[in-house]
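Reader: I would like to go through this structure term by term, with each label set against its cut-off. Could you show it first?

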Amino acid sequence: MSAIMECRVLSIQSHVVRGYVGNKSATFPLQVLGFEVDSINSVQFSNHTGYAHWKGQVLTAEELNVLYEGIKLNNVNHYDYILTGYSRDISFLETVVDIIKELKKANPSLVYVCDPVMGDQGAMYVPENLLPVYKNKVVPLADILTPNQFEAELLTGRKINTEEDAIEVMDLLHKMGPETVVLTSTDLPSKQGDQFLVALGSQKIKKPDGTNTDQKICMDIPKVDAVFVGTGDLFAAMMLAWTHHHPKDLKTACEKTVSVMHHVIKRTITYANEMAGPGKRPTPAQLELRMVQSKADIENPTIVVEAKVLQKSSQ
């Protein structure tokens, strides 16, 4: 029976020798939760680019195609999930789109989880010519989308100033393709005060009888005063895992995802502060996610953040 139940993910993300970002952030947690993960490394760097130095290689669109061809020739190109994150090259992104289309044709029930990494806090950190590719080619293929507020605003051309705006933006993103949308962080004020940030989620599910159910949720997440790298990649991977285990229950999937994040980040900041010593700011190396040490929390997270249901409707 277990052979039939096997769940396989193709993850196309960056790789670092040291630390946790991209595939390094996504693979271990997914494996711990029982997924087979096939990784294509879009870059291979010594470490993430927040360090003083980094060196490495970038995979070209042609090289990506060669790797995919190899998988295809052996007839092992059947996937249940695809996961993508940071990409800064237009031809690479368009090749990813072609691969996703082909894999979806081979398996119509394949789920594509897309983190449309483009920027944060009002600034783009990928070339601007990637936006139309995300908008017109990538997002329409996505089933689960995990943008931050800025990325959601870029994709829809709408600003988010209120909860109503956020709900409208999520609905616009649904219209573009994905049935599950999570705004991983927003600048909206939290009812619990300025030590919390607000995340929102929306899921539209078509039932077999043709009607839709719609669930929208909101979460207040405790802030941590430090810059972490690889957390967005972990978030997208955990959304993949927990929506797989709770396919029609966005509230539970988001609670488990955010709780995993909380435990990993808490363990990381505690360790980093200890290593740095009193009154000193931790270095990027000290702030690498404590992933292996968090194995038990990834497998079975104690729920620390409860999601509020904003609306649930059937039509």
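Reader: How many cavities of 30 Å³ or more does the count come to?

Author: The count comes to 1 cavity of 30 Å³ or more. Please keep in mind that this is a predicted model, in which local features need pLDDT of at least 70 and side-chain atom pairs count only at pLDDT 80 or more, while totals for chains, interfaces and linings use all residues. Residues are numbered from 1 along each chain as its sequence is written, and side-chain values use heavy atoms, with hydrogens and water left out.

Reader: What makes a space a cavity, and what makes it a pocket?

Author: On a 1 Å grid over the protein atoms alone, a cavity is a set of points where a 1.4 Å probe fits but cannot get out, whereas a pocket is an open set with protein on both sides within 12 Å along at least five of seven lines; in either case the lining residues have an atom within 4 Å of a point. Grid points are joined across faces, edges and corners, and the volume is the space filled by probe spheres set on the points.

Reader: Which residues line the largest cavity, and how does the lining divide by class?

Author: The lining of the largest cavity is made up of I12, S42, T84, G85, Y86, S87, F92, L93, V96 and Y134. The class rule counts Ala, Val, Leu, Ile, Met, Phe, Trp, Tyr, Cys and Pro as nonpolar, Asp, Glu, Lys and Arg as charged, and the others, Gly among them, as polar; the result for this cavity is 6 nonpolar, 4 polar and no charged residues. Helix α4 gives the largest share of the lining, 3 residues, where helices (H or I, at least four residues) and strands (E, at least two) are DSSP runs numbered from the N terminus.

Reader: What is the volume of the second largest pocket, and which residues are closest to its centre?

Author: The second largest pocket has a volume of about 350 Å³. It is lined by 15 residues, of which Y81, V111, E179, T243 and P247 are the closest to its centre. By class, its lining has 5 nonpolar, 6 polar and 4 charged residues, and β10 (196–206) and α8 (231–245) each supply at least two residues of it.

Reader: Why is the pair of F35 and Y81 called edge-to-face?

Author: Rings of Phe, Tyr and Trp (its six-membered ring) pair if their centres lie within 6.5 Å, and planes under 30 degrees apart count as stacked, over 60 as edge-to-face and the rest as tilted. The rings of F35 and Y81 are 6.2 Å apart centre to centre, with 80° between the planes, and the pair is therefore edge-to-face. F35 lies in the loop between α2 (23–32) and β2 (36–45) and Y81 in strand β4 (residues 81–84), so the pair ties together parts that are 46 residues apart in sequence.

Reader: How do you know that F35 and Y81 are buried?

Author: Buried means under 20% relative accessible area, exposed over 50%, and partly exposed in between (1.4 Å probe, protein chains only). F35 has a relative accessibility of 5% and counts as buried, and Y81, at 8%, counts as buried too.

Reader: What makes the pair of F45 and W54 tilted?

Author: F45 and W54 have 35° between their planes, which falls in neither the stacked nor the edge-to-face range, and their centres are 4.9 Å apart, so they form a tilted pair. F45 is buried at 14% relative accessible area, whereas W54, at 41%, is partly exposed.

Reader: Which residues of helix α5 are buried, and what covers them?

Author: In α5 (residues 130–138) the buried residues are L130, L131, V133, Y134 and V138. They cover an arc of only 165° around the axis, which puts them on the same side of α5; the arc is that of the directions from the helix axis to the C-beta atoms. Their cover includes α4 (90–106), β5 (111–114), β7 (123–124) and α6 (149–156).

Reader: What is A253 in contact with, leaving aside its neighbours within four places in sequence?

Author: Contact means heavy atoms within 4.5 Å, and with those neighbours left aside A253 is in contact with M239, W242 and T243. A253 lies in helix α9 (residues 250–276) and is buried, with a relative accessible area of 0%.

Reader: Why is N75 called exposed?

Author: N75 has a relative accessible area of 64%, which is over 50%, and is therefore exposed. N75 also has a positive phi of about 60° although it is not a glycine.
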